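Subject: Structure for you to look at

Hello,

Here is the structure I said I would pass on. Please open it first and then read my notes below with it on the screen.

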Amino acid sequence: APKLKTFEKKDRYPATMIQTATFYEMLQKGTNLNMPTLYQLDLSIDNERLKEAIYKTMEAHPGLTMRMEMGEDHAVYQIPQDDYRDYEIKVIHMDDETFDEESKHLSKTIGPMDKWLFCFEIIETGKRKFLFTDFSHLNSDGRSIGIVAEDIGKAYDGKELTSESYTMFELGEDLAEFWNT
């Protein structure tokens, strides 16, 4: 069997070309390139268990919790963050009428150099419960949002998650190596 390339853990990794283009687009134009999703949950969902499932999903997908940084050379870098448990998953309470109005405006701008390039909020109205997620295009795409949602469900159900064997960090390294050869 072919031997897989191994990667050493670093403090920063090169951004991919699409991340770099997206980063500068957001920086220069203030463009909001988020992908918000609102999931209606069963009222029996336990908030603390759901929060733990989200943190376990973050652990399995380290690219999700990274931030971006511009180096002195103006190159853009992906910065891994192991402190994702410092991110507060808020539980927001509001009545149904307020939610129906506010739900149209849940997504807030995620800046290219913000510490967190995502948002997770649990919203309770008394009659309904939701999980609101919002991801920057810097760390996610449409397919990855589905994977994250599936993994949150698996972790909530007590299943072990498989950590990514090839992350956005390694992709950045490989692409930088490819373009520099």
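Start with Asn139, which counts as buried because its relative accessibility is 4%, under the 20% cut-off. Keep in mind that this is a predicted model.

Asn139 sits in the loop that runs between strand 7 (129-136) and helix 4 (142-156). Its side chain makes a polar contact of 3.2 Å with the side chain of Ser140. The side chain of Asn139 also reaches the backbone oxygen of Leu64, at 2.7 Å. If neighbours within four places in sequence are left aside, Asn139 is in contact with Gly63, Leu64, Met66, Leu117, Phe118 and Met168.

The pocket

Asn139 also belongs to the lining of the largest pocket, where Asn139, Ser140, Asp141, Ser144 and Met168 lie nearest the centre. How many residues line this pocket? There are 22, and the space inside is about 400 Å³. Helix 1 (17-29), helix 4 and helix 5 (168-179) are the elements that each give two or more residues to the lining. Helix 4 gives the most, with five residues. By type, the lining has nine nonpolar, ten polar and three charged residues.

Helix 4 also holds Ile147. Is Ile147 buried, partly exposed or exposed? Ile147 counts as partly exposed because its relative accessibility is 29%.

As a general point, nonpolar side chains in soluble globular proteins tend to be buried together. In this model the largest nonpolar core has 31 residues, and those touching the most other members are Leu50, Ile54, Met58, Tyr87, Phe120, Phe135 and Ile152. The elements that give two or more residues to this core are helix 2 (47-60), strand 6 (118-124), strand 7 and helix 4. Helix 2 provides the largest share, six residues.

Apart from neighbours within four places in sequence, its contacts include Ile54, Met58, Tyr87, Phe135 and Ile152. Leu64, whose backbone oxygen is reached by the side chain of Asn139, is in contact with Phe120 as well. A second, separate core has eleven residues, among them Tyr13, Ala15, Met66 and Met68.

Asn34 is found in strand 2 (residues 34-41). Asn34 is buried, since its relative accessible area is 13%. Its side chain reaches the backbone oxygen of Lys108 at 2.7 Å, and a polar contact of 3.2 Å joins the side chains of Asn34 and Asn32. Leaving aside neighbours within four places in sequence, Asn34 has contacts that include Ser107, Ile110, Asp134 and Phe135.

Gln78 lies in strand 4 (residues 76-79). Gln78 counts as buried because its relative accessibility is 0%. Which side chain does the side chain of Gln78 meet in a polar contact? The partner is the side chain of Gln19, at 3.5 Å. Gln78 and Leu138 are 60 residues apart along the chain, and their C-alpha atoms are separated by 9.3 Å.

Regards

Methods
Residues numbered from 1 in each chain as written. Predicted model: local features only at pLDDT ≥ 70, side-chain atom pairs only at ≥ 80, totals over all residues. Heavy atoms only, no water. Helix = DSSP H or I, 4+ residues; strand = E, 2+ residues; numbered from the N terminus. Buried < 20%, exposed > 50% of the residue type's maximum accessible area, 1.4 Å probe, protein only. Polar contact = N/O pair within 3.5 Å; in protein donor to acceptor, adjacent residues only side chain to side chain. Contact = heavy atoms within 4.5 Å. Core = buried A, V, L, I, M, F, W, Y, C linked by side-chain atoms within 4.5 Å. 1 Å grid on protein atoms, 1.4 Å probe; cavity = no way out; pocket = protein on both sides within 12 Å on 5 of 7 lines; lining within 4 Å. Points joined across faces, edges and corners; volume = space filled by probe spheres on them. Nonpolar A, V, L, I, M, F, W, Y, C, P; charged D, E, K, R; others polar.
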